[in-house]
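User: Please take me through the strand pairing, the packing and the charged contacts of this model.

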Amino acid sequence: MAEIEVLLPKMGESVAEATVITWLKNEGDSIEEEESLIEIATDKVDSEVPSPAEGVLVKRLFNEGDVVQVGEVIAIISTDGDAPSASPAPAESAAPAPAAVQKVEESVSAAVAMTKSDSNGRFLSPLVRNIAKTEGVSGSELDAISGSGQGGRITKKDILSYLETRTNEGPAAAPVAPVAEAPKKAPAAKPSAEGQGIMIKAPTVVANPGDEVIEMDRMRKLIADHMVMSKHVSPHVTSYVEADVTNLVLWRNKIKNDFQNREGEKITFTPILIEALVKTIKDFPLINVSVDGANVIKRKHINIGMATALPSGNLIVPVIKDADYMNLTGITKKVNDLAGRARENKLSPDEIQGGTYTITNVGSFGNVMGTPIINQPQVAIMAVGAIRKVPAVIETPDGDFIGIRHKMYLSHSYDHRVVDGALGGMFVRRMADYLENFDINREI
């Protein structure tokens, strides 16, 4: 009998384990290739693992609620179409050693400080438990949440929906401080991110009468911490260039309808800018690096992060992996796919990790330029501003004259520890050159 071992797949660079939420197939059930086999949860996202082959599920090696390490065998599928007559070894024998399981469970318990199920017996995934811990959701509150998952399980969407209501109407909304209230004690001083002993103190802030106090949601807290950390770690410098993108604008206007009819995709300015950015990185590979203490890690792959605004007002950065191996059509399809699924909260953990350089389009909000903060552990980020029609001096063999041109500002922020003004300035200038010299007769 031909058997295939189903492994728990890698779900991102920093994800080493997952918790089994629900088996979607029972032992003895038939399963199609790519059909969902099991639902798992990490501290970042819930997802389903598809079957690698068509056959019959002959053994499930872990139970619901078990913590599984990436790369471990979670199930066995028979491709002959029939379950074996003799039962394989019990699930416990295939699971990690008791000491290892205990150690993992203790570490998860210590990190989350919450049981794996509520008083109603519903399983709580690590993601839900982490959100509950961060937002201070009590056990009694969890019991009252109506879950939309299988068996009434509370999903990420359920707890986030509850937090929105709770923040607006429930006990979690912070009260407005009265006038007579004593000033709040400032947080304890913290050493800088570089560990140099520099003390950072947040100011004491007191709400005035009539002020509304709005608690940050979990994602906004993470963004805030990441941005503060980046400014502590990297001395930021920003260089600016104004680029004449008239040819690029005229070319896109000329081909966009035919492109959409042929490919079923809209071509925006973003993929065109990313293509030019990739060319520039290949010209200046020392921008595509990270800093590890006194070492500079020169990245082999060019993975472009694209900052994407979410309907909630928060920000996420999906990553286009190996963008230098894609043509403009491929980049366009990838940009549209990642942006669409980002807004629907359908990205996998791996799709928001591993970026080596980030681009952010501040022009989409009508801004002409910006001073972006580096997305650590990268060392540079590009902000592209709004494309505007402006009067400009046009040089010709017959003399200069004033004409209407399409122009945009490029803002390049970089880490001055490893990127000096010459490299940072030449980089953004080269990017502008690629945009200004765009071939208006290009075919795609």
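**Strands, cores and salt bridges**

Analyst: Ile-304 stands opposite Tyr-357 in strand E18. The model is predicted, so local features need pLDDT of at least 70 and side-chain atom pairs count only at pLDDT 80 or more, while totals for chains, interfaces and linings use all residues. Residues are numbered from 1 along each chain as its sequence is written, and side-chain values use heavy atoms, without hydrogens and water.

User: Which strands pair with E18, and in what sense?

Analyst: Strand E14 (residues 304-306) pairs with E18 in the parallel sense over three bridges. E18 also pairs with strand E19 (residues 380-384), again in the parallel sense, over four bridges; there, Ile-359 stands opposite Met-382. Strands are DSSP runs of E with at least two residues, helices are runs of H or I with at least four, and both are numbered from the N terminus. Two strands pair if DSSP finds at least two bridges between them.

User: Is E18 buried or exposed?

Analyst: Four of the five residues of E18 (residues 357-361) are buried, so the strand is largely enclosed by the rest of the structure. Buried means under 20% relative accessible area, exposed over 50%, and partly exposed in between (1.4 Å probe, protein chains only).

User: Which residues touch the most other members of the largest nonpolar core?

Analyst: They are Leu-277, Ile-304, Tyr-357, Ile-359, Met-382 and Leu-410, in a core of 50 residues. Its largest share, seven residues, comes from helix H8 (residues 269-283). A nonpolar core is a set of buried Ala, Val, Leu, Ile, Met, Phe, Trp, Tyr and Cys residues joined through side-chain atoms within 4.5 Å. Apart from this core lies another, of 20 residues, including Val-6, Ile-31, Leu-61 and Phe-62.

User: Which parts does the Arg-442 and Glu-275 pair tie together?

Analyst: Their side chains meet at 2.7 Å, N to O. Arg-442 lies in the segment after helix H10 (421-436) and Glu-275 in helix H8, so the pair ties together parts 167 residues apart in sequence. Glu-275 counts as buried at 12% relative accessibility, whereas Arg-442 is partly exposed at 23%.

User: Where does Asp-283 lie, and where is its partner Arg-430?

Analyst: Asp-283 is in helix H8 and Arg-430 in helix H10, 147 residues apart. Their salt bridge spans 3.1 Å, N to O. Asp-283 is partly exposed at 32% relative accessibility, and Arg-430 is partly exposed at 31%. Elsewhere, salt bridges that share partners join Arg-262, Glu-263 and Lys-333 into one network.

Notes. Salt bridge = Lys/Arg side-chain N within 4 Å of Asp/Glu carboxyl O.
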